[in-house]
Amino acid sequence: IKEEYCKSKRWLVNYFFGLSYYHCENYKKAKEYFKNCNSLIPFKIESNYFLAKIEFLNEKYKNCYNILLSLGKNNSEYMFMNNEICNFHIEYLKILVNLKLDNIQDSIDIANKLIDAESCSRQYRRIILHYINKLQDVKDINEKKIEDIKIYNTSENLNKLEDYKITKEK
């Protein structure tokens, strides 16, 4: 990449190299180019999205989550004009990463907002509705387990345990 190029051109060249390596599943090399993008022009959403996606694919869910979280905090900007598609994929990745981190309610909340977004096409709405139903089932099962634990830990059950005292042998 020629140094005489302006930052925007160098960012663009790095971005397309990163995309090429990403689609060839060479995530290590792709990550290198996307990080170059960030060193040239920080807080561009497109390169950070792919960095988050690579972390997700490498099962580094907390790193992915942190990158996605930083997009909202750093006054991130788009490099390209059509940001509706990018917005959709970022929100969809948030659903998936929150699911992996057992943030079920956050996944449900994001999914509900995404369904109403203009950027959500009809085919994706069906997929997200399926996710919401599954997430709601998981949440209900988890709440049932928590309720069962609360029932077990009542004072009546604790008093029963006190009947069993440990004594030392002499």
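Is Cys24 buried or exposed? Exposed, with a relative accessible area of 62%. Keep that cysteine in mind; we will come back to it.

One caution before going on. This is a predicted model.

Start with the overall layout. The chain has eight helices and zero strands. Read along the sequence, the pattern is α-α-α-α-α-α-α-α. There are 170 residues in the chain, and 32% of them count as buried. Now the contacts. Take those between residues at least 6 apart in sequence: 55% of them join residues at least 24 apart.

Next, a helix pair. Helix H1 covers residues 7-23, and helix H2 covers residues 27-40. Their axes come within 8 Å and cross at roughly 165 degrees. An angle over 145 degrees counts as roughly antiparallel, so H1 and H2 are roughly antiparallel to each other. The handedness of their crossing is left-handed.

Who makes the contact? On the H1 side, the residues are Lys7, Arg10, Trp11, Asn14, Tyr15, Phe17, Gly18, Leu19, Tyr21 and Tyr22. On the H2 side, we have Tyr27, Lys29, Ala30, Tyr33, Phe34, Asn36, Cys37 and Leu40. By class, the residues of this contact split into twelve nonpolar, three polar and three charged.

Back to the cysteines. Cys24 is exposed, at 62% relative accessible area. What about Cys64, buried or exposed? Buried, with a relative accessible area of 0%. The cut-off for buried is under 20%, so Cys64 qualifies.

Where does Cys64 sit? In helix H4, residues 61-73. Which residues does Cys64 touch, once neighbours within four places in sequence are set aside? Ala52, Glu55, Phe56, Leu93 and Val97. There is also a distance to look up in the viewer. Ile54 is ten residues from Cys64 along the chain, and their C-alpha atoms are separated by 7.9 Å.

Last item: disulfides. In general, a disulfide is a covalent bond between the sulfur atoms of two cysteines.

To recap. The chain is built with eight helices and zero strands. H1 and H2 cross left-handed, at roughly 165 degrees. Cys24 is exposed, whereas Cys64 is buried.

Conventions
Residues numbered from 1 in each chain as written. Predicted model: local features only at pLDDT ≥ 70, side-chain atom pairs only at ≥ 80, totals over all residues. Heavy atoms only, no water. Axes fitted to C-alpha atoms, helices over the stretch in contact; angles between N-to-C directions. Helix = DSSP H or I, 4+ residues; strand = E, 2+ residues; numbered from the N terminus. Parallel < 35°, antiparallel > 145°, perpendicular 65-115°, else oblique. Left-handed = near helix turned anticlockwise from the far one by under 90°. Contact = heavy atoms within 4.5 Å. Nonpolar A, V, L, I, M, F, W, Y, C, P; charged D, E, K, R; others polar. Buried < 20%, exposed > 50% of the residue type's maximum accessible area, 1.4 Å probe, protein only.
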